[in-house]
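Good morning, and thank you for joining. I shall present one structure today, beginning with the overall fold and then turning to the aromatic side chains.

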Amino acid sequence: MHLNHTVTLRLALTVLLLASHLLPAADAPAPTLPQAIDQAHTELWRRFVDPHGIIRDFVGELPTPEDCKLGRPNAIGWWSPIENGPMFTGMYLPAICERARRSGAAADADQARRLAQGLMKCASVSDVPGFIARGIGTDGVCHYPLSSDDQTHPWFLGLHAYLKSTIPTAEERQQIVTKVKEVATAQEATQWRIPCEGDFKGTFRGGFTGHLFRDAVRYLYLLRATHEITSDAIWLERYHKARAERPTKGGKTRAEICAEGYPYDREAIANIDISQLWIYVGSQASLSQLIAMEKDETLRALYRTGLTVNATNALPAIKAHETFDNNDTKVFGNANWRAVYSTWFPQPTQEDAARLAKIADVAKRGQRKHYEASLMRNPLAAAAIVSLLHDGSNRELIEQVIRHYDYSKLNMAELFFAECAYYALPEK
């Protein structure tokens, strides 16, 4: 009986050991907040910041001068690795300036300087005044001929934050002030429409004087920030005039539209809350800066109302991070953009370029980009919008979303919104 009992016990232990190997491993503990931020920071700089100091959308083959001239994959540069350079770099630079302030580390200050130099390069590779290149191709100069308001506004936002820091040298400061004045003057000459270059020279793509919330807040910010940067009184006069103007006859003033927040745009821009919050982070940052620059308490109250409306509406979107699986294996075919967007034809008009951009090999593209956009980019952008209240509200939820992702497994540079959210929170 004793021998049989021993054999039985050994068999039972063997079965348990075998079963333990078949069971899925327990999830690793979530990283601490500092660990998550350091990982996000490291991954961004390791994989996405190019040698010029410009953030690329993803890791992939760079466009060549021929690609940029012919418009491959399209003349707008959509779906290429250099689609959103100034947009991403400009929105991220305030966060890295704050990181450098908190740490006092020379390495962080050097990274902020590198990003500022990247933004300066984007404004220095074209002979068209006021043109901001989306990014730089293989030869360190080539770029697509169509920019946009989404690239131009964050360009100002990033350099403004950099100038407000103690990082730039006197020489750097003067160079940036001169360039900002140059770009703003060119924009004023085109009624704040975005100029194109190359075969599209003489046309425009987007602008800032429209009737939407995004238009109002960005236009007012651009005028007021240009005054603060250059000290030229004319920009303050233009700001005072613009804030009282009504973009639509009989409608609200621009300052009043700012108080409406992004819900004001819902009819014009579909699915803001579930997929488009990333394009509103810059607007929220602009409202925050307008509050800091404005001395009129009535106007500050309007801006503060808009800031709160945005944070309140964006808050529910943070929860989407809970369904993101760090072990997901969907294909990120966008990295091989030449294969996904292999169709090409001449694009004499912007409409032709936009039409070409819609043609893709869906099977080769895969589903991973959409997965990251909806369950990583949007929740982190929402967290940044809430954090920009600068009051520490909903800190626990914001920290939760930042800690959720394994940043080493992400394919898209929008992971930088994690640092935007973190460094907009007040220090504990």
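A residue is called buried here when its relative accessible area is under 20%. By that criterion, 54% of the 428 residues of the protein chain are buried. Please bear in mind that this is a predicted model.

Let me describe the fold. The protein chain contains 19 helices and two strands. Its radius of gyration is 24 Å, close to the 22 Å that the globule rule gives for 428 residues, so the chain is as compact as a globular protein of that length. Along the principal axes, the C-alpha atoms fill a box of roughly 100 × 55 × 45 Å. Of the contacts between residues at least 6 apart in sequence, 75% join residues at least 24 apart.

I come now to the aromatic residues. The whole structure holds 18 aromatic pairs. One of them, W192 with Y219, is edge-to-face, at 6.1 Å centre to centre and 65 degrees between the planes. W192 lies in the loop between α7 and β1, and Y219 in helix α8, so this pair ties together parts that are 27 residues apart in sequence. How buried are the two partners? W192 has a relative accessible area of 1%, and Y219 counts as buried at 10%. Both belong to a cluster of ring pairs that also links W155, F156, F208 and W235.

Note on methods
Residues numbered from 1 in each chain as written. Predicted model: local features only at pLDDT ≥ 70, side-chain atom pairs only at ≥ 80, totals over all residues. Heavy atoms only, no water. Helix = DSSP H or I, 4+ residues; strand = E, 2+ residues; numbered from the N terminus. Rg over C-alpha atoms; globule rule 2.2 N^0.38 Å. Buried < 20%, exposed > 50% of the residue type's maximum accessible area, 1.4 Å probe, protein only. Contact = heavy atoms within 4.5 Å. Phe/Tyr/Trp six-rings, centres within 6.5 Å; stacked < 30°, edge-to-face > 60°.
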